Amino acid sequence: MSKAKLNVVVAACNNMGIGINGNLPWRLKQDMAFFKKITASTNDPEKKNVVIMGKNTWLSIPEKFRPLSGRVNIVLSTSLTEVPTGVHLAKSFEDAMNLVETMVSTVEGVFVIGGASVYKKAMFGSYPCRIYLTQVLADFKCDTFLPEIDEKAFTKIPNPSDVPVNEFEENGTKFHIVVYEKCFN
Ligand SMILES: NC(=O)c1ccc[n+]([C@@H]2O[C@H](COP(=O)([O-])OP(=O)(O)OC[C@H]3O[C@@H](n4cnc5c(N)ncnc54)[C@H](OP(=O)(O)O)[C@@H]3O)[C@@H](O)[C@H]2O)c1
């Protein structure tokens, strides 16, 4: 397998906040729909995508929706001892990536879905990385934040065809999706 490419999927508001009290600060149905589509869709119907998340993000998913369906779920934790059958536990980001390497024949994309320290690992690590960033154009009180995107390493690219270019609005909150890419040649 050539070096896996990581896809970060995140929504952040004006202060780059992503979470509050273990939950999302907002409820944006169309962004949730985008999240599901981008993380679950594969070109090869025989393959699945992997989602890698930290323990708090795992616990923030309502029980009836976890594991995230149609995707290989990897949860990072040094303290969790139990996850449902079929979900993978990894004790480090490196362990998670080693696990991904063993799934090469059945896996298509690798999506990093939070939280803060897991995003940091993906964004500042040595893997090629794409960021799907939903910019929530509003102020929300947050206690968890996206690490700053290093504009020297990441380039903003035109939205690929599977990423909407329009501005959304729900309950008075506007948001749109932008894409950044970090390549190593
Ligand atoms: N806006 C968005 O797009 C978005 C996306 C995801 C999450 N969120 C929000 O962000 C918040 C959760 O994020 P968070 O930053 O607090 O927590 P998190 O990253 O989801 O989970 C942190 C925990 O995960 C484990 N972990 C993380 N990195 C690890 C590593 N490299 N190796 C081993 N274990 C690791 C550790 O668990 P142990 O203590 O067990 O070792 C750590 O305490 C919630 O509010 C959630 O709603 C927002």
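Q: Of the contacts in the protein with a separation of 6 or more, what share comes from residues 24 or more positions apart?
A: In this predicted model, residues 24 or more positions apart account for 69% of those contacts, where contact means heavy atoms within 4.5 Å. Residues are numbered from 1 along each chain as its sequence is written, and side-chain values use heavy atoms, without hydrogens and water. Local features need pLDDT of at least 70 and side-chain atom pairs pLDDT 80 or more, while totals for chains, interfaces and linings use all residues.

Q: How many helices and strands are there?
A: The protein has four helices and 11 strands, taken as DSSP runs (helices H or I, at least four residues; strands E, at least two) and numbered from the N terminus.

Q: Which residues of helix H3 are buried?
A: In H3, which covers residues 93–102, they are Phe93, Ala96, Met97 and Val100; buried means under 20% relative accessible area, exposed over 50%, partly exposed in between (1.4 Å probe, protein chains only).

Q: Why do they line one face of the helix?
A: Seen down the axis of H3, the buried residues fall within an arc of 95 degrees, so they line one face; the arc is that of the directions from the helix axis to the C-beta atoms.

Q: And what do they pack against?
A: The buried residues of H3 pack against several elements, including strand E1 (6–12), strand E6 (107–112) and helix H4 (116–124).

Q: New topic: is Thr57 buried or exposed?
A: Thr57, which sits in helix H2 (residues 55–60), counts as buried because its relative accessibility is 17%. Leaving aside neighbours within four places in sequence, Thr57 is in contact with Ile113, Gly114 and Gly115.
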